[in-house]
Amino acid sequence: MFETEIAVVGAGHAGIEAALAAARMGHDTVLFTMSLDSIANLPCNPSIGGTAKGTLVFEIDALGGEMGRAADAVTLQSRTLNLGKGAAVHSKRVQADRAAYHLLMKKTLETTKNLRVIQAEIVDVKTETNGNGKQIVSIVTQLGEEWGCKCAILCTGTYLGGRVFVGDKNYESGPDGFLAAKGLTAALEREGVQMMRFKTGTPARVKRSSIDLSVLEEQCGEPSITPYHEGHGEDYFDSLTQIPCHIVYTNEQTHRIIRDNIHRSALYSGQIHGTGPRYCPSIEDKLVRFADKERHQLFVEPMGLDTEEMYIQGFSTSLPTDVQRAMLASLKGFDKAEIMRYAYAIEYDCADPLGLLPTLEFKNIKGLYGAGQFNGTSGYEEAAAQGLVAGINAALFCEGREPMILPRSGSYIGTLIDDLVIKGTREPYRMMTSRSEYRLLLRQDNADERLTPIGHKVGLIDRERYARFLEKQKQIGEEQNRLASTYVSPEGARAFLEKQGMPPLASGISLAELLRRPGITYEALAEIDGGRPALSRRVCEAVEISVKYEGYIKRQVAEVARQKKLEDKRLSPDLDYHAIKGLRLEAAQKLSAIRPLTVAEASRISGVSPADISVLLIYLK
């Protein structure tokens with residue numbers, strides 16, 4: 001038998017972060033992958049970030065993860081979404097060079113101390129039972145090698161029981177033609193893990209030179225790019241020549257082709273039984289669900305600098321190949337389009353996340369963790385975030401230290417995990433800003449303020465980086481105070497306000513009060529702010545947002561403080577809820593099944609009412 005401390009199964013975005021975190025925290029770690037060529041694969045859209053997802057990437061970086069650093073290095077184009085809305089929903093999204101991302105992450109894994117990467121399929125997990133219940137003791141490869149371990153982290157993505165569907169054809173496969181993982185599901189079910197069956201899909205890849213891009217709408221990147229990674233300076237992208245994306249729309253002919261052939265779609269012919277993603281449906285599903293829409297927007301995105309492949313975002317389908325060709329030919333500029341990879345749908349096995357603790361450890365098997373699509377989520381960023389948490393907690397478990405549990409009030413990562421383990425999911429879960437009641441506090445600009453101290457505490461943020469973080473926070477605080485204490489006279493602000501189309505002042509006013517006025521930016525204030533220090537773009541952004549939204553932020557902070565009282569009230573994992581007088585039967589059943597760790601977690605369980613929470617609080621007294 002071979003030995004390691006922490007075994008990670010799967011080298012997608014979850015597995016990479018889990019393995020790097022564990023190894024960087026000083027633990028002997030082995031990362032198993034079905035294929036070394038599939039490491040950090042981007043099987044769906046060639047982008048990282050997006051609405052809410054961009055914030056996740058900043059949070060991953062703030063904790064000491066790798067995704068943001070690598071995404072910066074392979075950026076083809078960058079845009080900040082939702083700039084027309086408030087700061088709470090601003091989200092960075094980059095087009096990534098798919099092949100370069102794979103190679104960079106592979107090299108990072110190969111050169112990380114304490115980490116070995118092995119191409120092998122894991123087909124079994126072995127446990128032993130002691131006084132504390134089941135404990136993971138080893139995992140087994142398809143070739144019969146057994147690896148003893150203290151912890152194992154399952155990050156199987158869409159490989160586990162993978163089956164691809166194109167029209168009436170279907171076959172065992174992982175994403176992009178890689179082999180499916182077949183043995184592990186039965187082993188997990190034998191150990192008492194509740195499994196589910198989900199579905200996702202991807203559009204065709206089209207040869208660039210066969211598309212007439214000149215007739216499409218061009219979508220360019222933003223002029224000033226803020227890197228994901230804190231260590232990359234503001235001049236990091238100065239020499240980058242951004243590659244444009246393009247926009248095209250479906251039309252009446254496209255919709256007629258789809259409707260005439262919808263009975264041939266694997267989705268509507270009864271072949272697919274797994275539940276698909278609500279917020280990223282196939283094009284045929286869009287036509288059924290949004291029958292009144294005359295057209296749907298599609299994005300034509302490059303897959304990399306050294307490839308002709310173009311990704312057609314929004315055109316995912318499981319229709320047969322002949323229909324895919326006809327659909328594409330109906331689009332403006334695509335009449336001669338050549339398909340390089342056909343679209344497909346894929347079903348896969350995943351675990352019910354209600355069986356997990358907030359640490360992402362299984363409740364019934366100590367030392368066994370799940371992360372990524374294996375936990376029922378959808379998206380690279382959601383996967384990486386969970387992998388990072390699972391890797392950190394596996395390392396802490398090996399050290400005998402308290403686990404890291406991120407509250408939902410402190411991060412999107414915490415919100416994501418809390419939703420999964422408390423509410424569960426019956427479809428691929430996607431992070432969105434609307435899922436957080438604290439989204440004004442959980443912005444991408446302040447991810448380091450919220451999470452870098454935690455990353456430093458667990459050992460992923462070194463002293464040099466932490467010192468830079470403390471200096472940045474000091475600068476933000478000093479500038480906030482300076483704006484609040486620096487006043488301008490009515491005469492001194494007259495010309496500036498006239499330019500802004502605003503009436504003159506009746507009395508003196510602080511720069512902070514001026515900045516809170518709609519339409520006035522921190523940059524514009526420089527005209528009447530002669531004492532302004534030289535500050536980085538990140539500091540200026542943080543100062544502007546904190547000043548402009550101060551009142552709203554204070555209200556959310558007060559709500560977090562109220563909720564914390566419930567978070568501090570712990571519930572025993574062995575509590576007999578059926579013995580508590582006054583607790584409704586449904587609540588007792590739900591609480592017994594999910595086993596929340598705090599009263600706050602209990603309050604978020606569907607079927608547990610405010611009256612039930614009152615009963616719990618009285619019982620605890």
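Contact here means heavy atoms within 4.5 Å. The model is predicted: local features need pLDDT of at least 70, side-chain atom pairs count only at pLDDT 80 or more, and totals for chains, interfaces and linings use all residues. Residues are numbered from 1 along each chain as its sequence is written, and side-chain values use heavy atoms, with hydrogens and water left out.

Q: Which residues does Thr156 touch, not counting residues up to four places away in sequence?
A: Thr156 touches Val9, Leu184 and Phe374. Thr156 itself lies in the loop between β11 (151–154) and β12 (163–166).

Q: Why is Thr156 called buried?
A: Buried means under 20% relative accessible area, exposed over 50%, and partly exposed in between (1.4 Å probe, protein chains only). Thr156 has a relative accessible area of 7%, so Thr156 is buried.

Q: What makes Ala291 exposed?
A: Its relative accessible area is 51%, so Ala291 counts as exposed. Ala291 is found in the loop between α7 (283–289) and β18 (297–302). Leaving aside its neighbours within four places in sequence, Ala291 is in contact with Arg259 and Lys286.

Q: Why are the buried residues of α4 said to line one face?
A: Those residues are Arg98, Tyr101, His102, Met105, Lys106, Thr108 and Leu109. Seen down the axis of α4, they fall within an arc of 160°, so they line one face of the helix. The arc is that of the directions from the helix axis to the C-beta atoms. The face turned away from the buried side carries the exposed residues Leu103 and Lys107.

Q: What caps the N-terminal end of α12?
A: Asp462 does, with a side-chain oxygen 3.3 Å from the backbone nitrogen of Glu464. A polar contact is a pair of N or O atoms within 3.5 Å; within protein, one must be able to donate a hydrogen and the other to accept it, and residues adjacent in sequence count only if both atoms are side-chain atoms. Helix α12 (residues 463–485) has 23 residues and reaches 33 Å from its first C-alpha to its last, close to the 33 Å expected.

Q: Why do β13 (169–172) and β14 (195–202) stand at the edges?
A: Two strands pair if DSSP finds at least two bridges between them. The open sheet has four strands in the order β13-β12-β21-β14, with antiparallel pairing. β13 and β14 each have a single partner strand, so one side of each is left without a neighbour in the sheet. Eight bridges join β14 to β21 (residues 344–351), and the bridge partner of Lys199 in β21 is Glu347.

Q: How do you know that β4 and strand β6 (residues 91–96) pair?
A: They share three bridges in the antiparallel sense, against the required at least two. The open sheet here runs in the order β4-β6-β5.

Technical notes: Helices (H or I, at least four residues) and strands (E, at least two) are DSSP runs, numbered from the N terminus. The expected span of a helix is 1.5 Å times one less than its number of residues.
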